[in-house]
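Please look through the sequence and the structure shown here before reading on.

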Amino acid sequence: MGKTVKKAQIFVDKNITISDVDRRIYGSFIEHLGRAVYEGIYQPGSKFADENGLRKDVIKLINEIDVPVVRYPGGNFVSGFHWEDSVGPVEKRPHRIDPAWQTIETNEFGLHEFMNWTKKVNTTPMMAVNLGTRGIEDAKNLIEYCNVPGGSYYSDMRIKNGAKDPFNIKLWCLGNEMDGPWQMGHKTAEEYGRLAAEAGRIMKFVDKDIECVACGSATSNMPTFGTWEATVLNESYDVTDYLSLHMYYGNRDNNTKDFLANSVDMDNFIKSVVSICDYVKAVKRSNKKINLSFDEWNVWYHSNEQDKKLEKWVTAPHQLEDVYNFEDALLVGSMMITLLRHADRVKIACLAQLVNVIAPIMTSDTGAWKQTIFYPYMQASKYGNGTVLNTVVDTPVYESKHGDAPYIDAVVIKNEEKEELTIFAVNKDLENDFELTTDLRQFEGYKVVEHSILHHDDVKAVNTEANPDNVAPVQGTNTKFENGTLTTILPNKSWNVIRLAKN
Ligand code: AHR
């Protein structure tokens, strides 16, 4: 069969909206794991390091993305972490084993270094407390250290350690993946729900303005998925502001069509968690709405086999260093669209992670470069600001392991203030281009600014240090806005950003 141009249509109304975008949906994650911190964001002695050992080349790439929030310091790591080890004079900080990743943590980079780094990359912290091996006493001490201005044991310790002003960290994760048997201090839903309730309560006694994220399931495939969420919320409803979701996908069967359909699964996952939150709300006769924090999402599988061979109890091994290919970028784009289509409930999301460890940015001693997934993430953060329109896509579908999967995934965002309109669209058809039309008569006077296309003939194409621009966006020339109708061609297997503006 020859290649044909298929057709799809988008329907939007500028007054029928889903929600304003909470910019924290473009968050990311730095864990003390592999080379995320050491050799990633921090490498004293490197020719790229500033006076504090922070890598300037990495800062530049992160600033290009514009990451509004970064979750820290884990992940599985946090469930055995003693935050006190990571403050005070560096030479006195202990080296500890990290049982989660079976490495040695030197604590050379700690809380103050992280807070200093957040300023360089213009982001805000999303701090996790250890509810695995520790509990509410340490959670209380940590928030006292971070947020109390002074005059108490831990706040004065912070001042003595060089930070006169409080860190004022306002977003807190109550532990990490506590439903997972791999988690240090793994708990039942009842045990965790009670602990989260008490930790959140004491933390809010110390600072009433913080927001707390309670752990949902580690993935929707967990045997306790559903009952875990309901039980945890039942116990911790009053202190919980967001419930977390985590999900990673892989293409282990080398079936690209099924792999790209994983956004359907993500969509179902979000809908299910929203339903559970609303069920508990109804049972509690509460007026409070629990929103979602999708604080770990990405593709992760390429490095699984090589990670099994890594030496144990060393510092900063090459762990979880997935080299992302072009099809991964298509799925990441499609997942980003899925998050935006749920912007009414998903207020925070963290692409996991940010540097070297399952990350859009990679480093070596000689430079830093962009993986394929950098582009959809960066472009969404840069151009996906404003209000998400209820985007109805009329598209053919294909059969997948998750049922019918649309060939075209899309979302439209209007920015009233800037008089801009952005369409993000993925064409998942591996052979055929699509002609996409959209009635935009309500956007009279707007003009096409650009049509950026990420496409490669080879879905397995990657970016490497030697060939960093192998997969990179190019400008399309097939987009017209005439007589109120936008017409464009979405090339087969492509991520597209179509931008219009009035001026
Ligand atoms: O992001 C890598 C790991 O994935 C995190 O440490 C953990 O929370 C999840 O299982």
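This is a predicted model: local features need pLDDT of at least 70, side-chain atom pairs count only at pLDDT 80 or more; totals for chains, interfaces and linings use all residues.

## A helix checked by its length

Just after helix 8 comes Arg 285, whose phi is positive, at about 50°.

The domain assignment divides the protein into domain 1, made of 5–14 + 389–502, and domain 2, which takes in 22–383. The C-alpha centres of domain 1 and domain 2 are separated by 30 Å, and in the contact between them 43 residues of domain 1 meet 35 residues of domain 2.

The size of an interface is often given as the accessible area that is lost when the parts come together. Between domain 1 and domain 2 this buried area is about 3200 Å², and carbon and sulfur atoms give 63% of it. On the side of domain 1, the three residues His 402, Glu 465 and Trp 495 supply 20% of the area that this domain buries against domain 2, which is more than any other three residues.

## What holds the contact list together

Which side chains meet in a salt bridge with a distance of 2.7 Å from N to O? They are those of Lys 460 and Glu 327, while the count of salt bridges between domain 1 and domain 2 is 1. Across the interface of the two domains there are also 21 residue pairs in polar contact, both residues of each pair being at pLDDT 80 or more.

Several strands give two or more residues to the side of domain 1 that touches domain 2, namely strand 17 (397–400), strand 18 (403–406), strand 19 (408–415), strand 20 (420–427), strand 22 (447–455) and strand 26 (494–501). Sorted by class, that side of domain 1 has 22 nonpolar, 10 polar and 11 charged residues.

In the whole structure, the search finds 30 salt bridges. One of them joins the side chains of Arg 134 and Glu 84, at 2.8 Å from N to O. Arg 134 lies in the loop between strand 7 (124–129) and helix 3 (136–147), and Glu 84 lies in the loop between strand 4 (69–72) and strand 5 (96–98), so this pair ties together parts that are 50 residues apart in sequence.

Most residues other than glycine have a negative phi, and most peptide bonds are trans. Against that background, a cis peptide bond joins Tyr 72 and Pro 73, with omega about 0°, and another cis peptide bond, with omega about 15°, joins Gly 74 and Gly 75. Pro 73 is placed in the loop between strand 4 and strand 5, and Gly 75 is also found in the loop between strand 4 and strand 5.

Gln 102, a residue other than glycine, has a positive phi near 55°, and its place is in the loop between strand 5 and strand 6 (103–105).

Technical notes:
Residues are numbered from 1 along each chain as its sequence is written. Side-chain values use heavy atoms; hydrogens and water are left out. Domain bounds come from an automatic or database domain assignment. Contact means heavy atoms within 4.5 Å. Buried area is the accessible area (1.4 Å probe) that two parts lose on being put together, summed over both. A salt bridge is a side-chain nitrogen of Lys or Arg within 4 Å of a carboxyl oxygen of Asp or Glu. A polar contact is a pair of N or O atoms within 3.5 Å; within protein, one must be able to donate a hydrogen and the other to accept it, and residues adjacent in sequence count only if both atoms are side-chain atoms. Helices (H or I, at least four residues) and strands (E, at least two) are DSSP runs, numbered from the N terminus. Ala, Val, Leu, Ile, Met, Phe, Trp, Tyr, Cys and Pro count as nonpolar, Asp, Glu, Lys and Arg as charged, and the others, Gly among them, as polar.
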